[in-house]
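Work through the exercises below with the sequence and the model at hand. Each task is followed by its solution.

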Amino acid sequence: MSLEAIRERARRDSVEFPYLLANHAPMVIVALDRLGASPARIGAWYEGYRAANGLVAPPPPVAPIDAADWDSALGTRARETDYRAFFTEETRRLGLDGAVRLYVPRLVQGVAGSALHPLMRLAYAALSQDEAEAGAALGYWATCHLPLPAPSGAAPDTDDPGAVLAGVAAIEGVRSYETETDLLWHNIRAVAALPGFRPVVDRLAFDPDTPRRMAGTALALYAATMDFAALHAL
């Protein structure tokens, strides 16, 4: 089986598998290819991953997504098939870059959905310049959209991402909240709902070097803690 055939097969799986866990297969396929694995090796890995995790098909379609109000059903997992079909067509129409520029500004407020994995999957699609995979990733982002508090417009007070993280650690209730499950995105949702979280949204001043500083902070955090949540930030 060719690499493209493996990618196409992987796109027939749902973006999550029970219970609400992110399907990593499309991203790992890209990573294995970039590491030099043969299509045969990648195919064997995929089949093993699929069987071990019990990957499932996407839910049946509900109704086509209307371009005029495409964001009216954000965060509705039952609309996965509808959203993926919509964004696959939009990515084909606009190209990968065009679709990202048009839709990500609206989607970004829900970046926490499925514990950041839609953004990760979109990044891997961009690495491989795979328009079909980008469409699936944008559909994933829409169907698992998890909005966080919006910026208030308050002036930022630091350009250090580490200072912002330290501020989160000081929020009242951040060590005592409770969630329905131990899913990472449930924890993100619970922390974002704490009254002390909202001011954090405005704290970081952005400039062209901010992404590099954020990456460095995430790397330092993960290296120091080897924590599962820190790995997702990285």
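**Exercise 1. State how many helices and strands the chain has, and give their order.**
The protein chain has 10 helices and two strands; helices (H or I, at least four residues) and strands (E, at least two) are DSSP runs, numbered from the N terminus. Read along the sequence, the order is α-β-β-α-α-α-α-α-α-α-α-α.

This is a predicted model: local features need pLDDT of at least 70, side-chain atom pairs count only at pLDDT 80 or more, and totals for chains, interfaces and linings use all residues. Residues are numbered from 1 along each chain as its sequence is written, and side-chain values use heavy atoms, with hydrogens and water left out.

**Exercise 2. Compare the radius of gyration with that of a compact globule.**
Take the radius over C-alpha atoms, and the globule rule as 2.2 Å times the number of residues to the power 0.38. For 234 residues the rule gives a value near 17 Å; the protein chain has 19 Å, which agrees. Along the principal axes, the C-alpha atoms fill a box of roughly 50 × 45 × 40 Å.

**Exercise 3. Find the buried residues of helix H2 and what covers them.**
Buried means under 20% relative accessible area (1.4 Å probe, protein chains only). In H2 (residues 25–34), the buried residues are Ala25, Pro26, Met27, Ile29, Val30 and Leu32. Their cover includes helices H1 (3–10), H3 (39–53), H5 (117–128) and H6 (131–143), where contact means heavy atoms within 4.5 Å. After H2 comes Gly36, with a positive phi near 100°.

Conventions. Buried < 20%, exposed > 50% of the residue type's maximum accessible area, 1.4 Å probe, protein only.
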